[in-house]
Amino acid sequence: MAFWDRLRELGLRVDGFRTERGSVDVSSQFTRVTTTVVFSGGGEEGRGEDVTYNAEDHEWFPEPDASAASSLAALSSALDGVTLFRGEPKMAVSANYRRWALESAGLDLALRQNGLSLGAAVGREYGSVRFVVSTREDAFAWLAHAPELELKLDPANEWDRPFMERLAATGRVRVLDLKAYYTGTAVDVDPDPELYRNVVELFPEAVIEDSLLDGECGEAVRGQEARLSFDAPIHSVADVQALSVEPGWLNIKPSRFGTIQRLLECIEHCDARGIRMYGGGQFELGVGRHQIQALASLFYPDGPNDVAPSD
């Protein structure tokens, strides 16, 4: 039975809804803001976290009326008609992030009301989660403090070959995220064929995430399909199928999918096609972090999961 089919008819009662805002000052230029949504009913509460990145998009939040929903599938259908933002969000993908917050809160509530863990509901066992530390800071400082860490790094065009050789010599780099599909963000990287060639040559065992597939950059990663992974372009099975290559890996960020159904369909597609998975984080401040860790534990515990404990 498909995972969504195991969940869709879970009984649900929604009596109330509220939001809780969280924030952390990351620097003088950036405050991370997220909104936790809370559905309540039957003496229980279910939570989900909206990881929309632009702080101003958290100033207004919808108040969905889910009182008529008697199952998880009915709640999801009811959310189809909810206006998620007043006006257009700063980033189009934020609509998925907000929808996921609502859906995951509904799932949390349904599981609690039925006395189930997610693992019991979908028929999977929890496993110990292997995780990497994703950092844009000094990787060598991290390893000096904890040599056993595994790393997920974002190569920059300023990385010269000697620096990359030093990184490769640590033997601790598991994922290199080339970020070719980000535009208008603080983490944009202009695709550079020389950087791509060095990544391929110097890190022969590392997963290569979000590489450009066209032009000289595409030539540099040709033949590396078994270790290519994608993240930013993926919001559904259709997006995976639309790639010009079948990747060996996929970075699963649940909030990118918007709905529980789309997320679980993609996980099942990867399982069927032999595409390995690992979880991705999005600077969650609260319950969202625990939820992505639980999903990693159930579906891809052995992957290089970017779901490190907040501590």
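This is a predicted model: local features need pLDDT of at least 70, side-chain atom pairs count only at pLDDT 80 or more; totals for chains, interfaces and linings use all residues.
How many nonpolar, polar and charged residues does the lining of the largest cavity have?

Let's start with the empty space. Rolling a probe the size of a water molecule over the atoms shows where empty space is left. In this structure there is one cavity of 30 Å³ or more, and the volume of the largest cavity is about 80 Å³. Now back to my opening question: its lining has four nonpolar, five polar and three charged residues. Among them you can find Glu49, Trp100, Lys253 and Gln282. Two helices, α10 (254-257) and α12 (287-299), each supply at least two residues of that lining. Of these, α12 gives the most, with three residues.

Next, please look at helix α11. Several α11 residues are buried, including Ile260, Leu263, Leu264 and Ile267. Just after the helix, Gly274 takes a positive phi of about 75°.

Last stop, the sheet. Five strands form an open sheet with parallel pairing, in the order β4-β5-β6-β7-β8. Which strands stand at the edges? They are β4 (133-135) and β8 (228-229), and each has a single partner strand, so one side of each is left without a neighbour in the sheet. For β4, three bridges join it to the parallel strand β5, residues 151-153. If you zoom in there, you will see Thr135 opposite Leu153 in β5.

Definitions and conventions: Residues are numbered from 1 along each chain as its sequence is written. Side-chain values use heavy atoms; hydrogens and water are left out. On a 1 Å grid over the protein atoms alone, a cavity is a set of points where a 1.4 Å probe fits but cannot get out, and a pocket is an open set with protein on both sides within 12 Å along at least five of seven lines; lining residues have an atom within 4 Å of a point. Grid points are joined across faces, edges and corners, and a volume is the space filled by probe spheres set on the points. Helices (H or I, at least four residues) and strands (E, at least two) are DSSP runs, numbered from the N terminus. Ala, Val, Leu, Ile, Met, Phe, Trp, Tyr, Cys and Pro count as nonpolar, Asp, Glu, Lys and Arg as charged, and the others, Gly among them, as polar. Buried means under 20% relative accessible area, exposed over 50%, partly exposed in between (1.4 Å probe, protein chains only). Two strands pair if DSSP finds at least two bridges between them.
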